Amino acid sequence: MRTINTGTYVIEKHIVLEDIDPVVFYGIGNQHLQMLRALYPKLRIVARDNVIRILGDEEQMAAFEEATEKLRQHVIRFNALKEEDILDIVKGHRTKDEVPEGVVCYSMSGRAIKARSENQQRLIDAYNENDMVFAVGPAGTGKTYLSIALAVRALKEKTAKKIILSRPAVEAGEKLGFLPGDMKDKIDPYLQPLYDALEDMLPQMKLQEMMERHVIQIAPLAFMRGRTLSDAVVILDEAQNTTPQQIRMFLTRMGWNTKMIITGDMTQIDLPRSQKSGLVEALHILGGIEGIGVVELDRKDIVRHKLVTRIVNAYERFDKNNNSDESINKD
């Protein structure tokens, strides 16, 4: 928040609401703004975009500035603001949402994002205790979503200056060269799950701004070559589809004050049968190295629709039976 003192005879200040969506701050139909006007009757309060212009009593203006900064910090943390929060903050009380247990960050709907299983909590703990974490498990276990939540928290708490998200662009049925559009259009479908998670945790306008300023970068794995990634949280998603050369290249991009999270699902390797998964090899080579955490999630951690668990179980039985049949045929 920045304040600008202007005017010669009447005290006037401008407060700039930085790092938040002003729509959340002002409320639907400017309800929150109307409430603030009622709470500070000696001030004239005018808002436009992310700038609040205030004129009037100097003492009440100072109190308004202090309250506005606390409200801004509340919105940064919770992605939401309620009328009772405004009253609590203006009166100097703690809001009901303060100091929650185990919450990583909040979604745009105000929902607390936190571990929903023991292994998800192990992922959070491994991230806190290590600079590099491998999170391996089937679809729906929340490994990617929770990893991005940890990265968003680091950005909000300023323990990292940027978030870098990457995925291998493994072709499934269609060649990139034959898909319509420029290179970004061809690659974006591979990265859409990462966009979806970010949009659930950050205001649309703020996310767009962060991407334009390269505070948040989303790129295919091939774009990582030659870079040193410092002061960042770096996430490699779908790492089971990397080759040994690709994952080695990625892991050695790590710079100072950087954390890396590598996620993958060993049951969804889309590489050619003759190609070894880089994730499988990396786990074999790097297991037990100090500073590297490995977390395995399983069916009990699936947090999607209950049918997802049943589908995963059915496919595991199918794969097991097929492997048994192949062994019998070989014998």
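Analyst: A polar contact is a pair of N or O atoms within 3.5 Å, where, within protein, one atom must be able to donate a hydrogen and the other to accept it. The model is a predicted one, and everything below should be read as a description of that prediction.

User: Which backbone nitrogen lies 3.2 Å from a polar atom of the side chain of Ser-117?

Analyst: Ser-117 is found in the loop between β6 (112-114) and α5 (118-129). Its relative accessibility is 16%, and because buried means under 20%, Ser-117 counts as buried. The backbone nitrogen that lies 3.2 Å from a polar atom of the Ser-117 side chain belongs to Gln-120.

User: Over how many bridges do β3 and β4 pair, and which residue of β4 is the bridge partner of Val-46?

Analyst: Strand β3 (residues 43-48) and β4 form a hairpin with two residues between them, and Asp-49 in the turn has a positive phi of about 55°. The two strands pair in the antiparallel sense over six bridges. Within this pairing, the β4 partner of Val-46 is Arg-53.

User: Strand β2 also pairs with β4; which residue of β4 is the bridge partner of Ile-15?

Analyst: Strand β2 (residues 12-16) and strand β4 (residues 51-56) run in the antiparallel sense and are paired over five bridges. The β4 residue that is the bridge partner of Ile-15 is Ile-52.

User: Which residue of β11 is the bridge partner of Val-233, and which residue of β10 does Leu-165 stand opposite?

Analyst: β10 and strand β11 (residues 259-264) run parallel and are joined by four bridges, and in β11 the partner of Val-233 is Lys-259. β8 and β10 also pair in the parallel sense, over five bridges. In that pairing, the β10 residue opposite Leu-165 is Ile-235.

User: With which residue does Asp-19 meet in a salt bridge at 3.1 Å, and how many residues apart in sequence are the parts that the pair ties together?

Analyst: The side chain of Asp-19 meets that of Lys-206 in a salt bridge, with 3.1 Å from N to O. Asp-19 lies in the loop between β2 and α1 (22-26), whereas Lys-206 lies in helix α8 (residues 204-212), so the pair ties together parts of the chain whose separation in sequence is 187 residues.

User: Are the two partners, Asp-19 and Lys-206, buried or exposed?

Analyst: Asp-19 has a relative accessible area of 37%, and Lys-206 has a relative accessibility of 7%. Because buried means under 20% and exposed over 50%, Lys-206 counts as buried, while Asp-19 is partly exposed.

User: Which residue in the loop between β10 and α9 does Arg-167 link to?

Analyst: Arg-167 sits in strand β8 (residues 162-167), and its partner lies 71 residues away, in the loop between β10 (232-236) and α9 (244-251). The side chains meet in a salt bridge of 3.2 Å, N to O, and the partner is Glu-238.

User: How many salt bridges does a search of the whole structure find?

Analyst: One of them is formed by the side chains of Asp-298 and Lys-300, at 3.1 Å from N to O. Here Asp-298 is partly exposed at 27%, and Lys-300 counts as exposed at 68%. Salt bridges that share partners also join Asp-19, Glu-69, Arg-72, Lys-206, Glu-209 and Arg-213 into one network. For the whole structure, the number of salt bridges found is 15.

User: Which element gives the most to the lining of the largest pocket?

Analyst: The largest pocket has a volume of about 660 Å³, and among its 30 lining residues Ile-76, Val-152, Leu-155, Lys-156 and Glu-157 lie nearest its centre. The lining divides into 16 nonpolar, two polar and twelve charged residues. At least two lining residues each come from α3 (58-78), β5 (103-106), α6 (143-156) and α8. With five residues, the element that gives the most is α3.

How values were computed
Residues are numbered from 1 along each chain as its sequence is written. This is a predicted model: local features need pLDDT of at least 70, side-chain atom pairs count only at pLDDT 80 or more; totals for chains, interfaces and linings use all residues. Side-chain values use heavy atoms; hydrogens and water are left out. Two strands pair if DSSP finds at least two bridges between them. A salt bridge is a side-chain nitrogen of Lys or Arg within 4 Å of a carboxyl oxygen of Asp or Glu. Buried means under 20% relative accessible area, exposed over 50%, partly exposed in between (1.4 Å probe, protein chains only). On a 1 Å grid over the protein atoms alone, a cavity is a set of points where a 1.4 Å probe fits but cannot get out, and a pocket is an open set with protein on both sides within 12 Å along at least five of seven lines; lining residues have an atom within 4 Å of a point. Grid points are joined across faces, edges and corners, and a volume is the space filled by probe spheres set on the points. Ala, Val, Leu, Ile, Met, Phe, Trp, Tyr, Cys and Pro count as nonpolar, Asp, Glu, Lys and Arg as charged, and the others, Gly among them, as polar.
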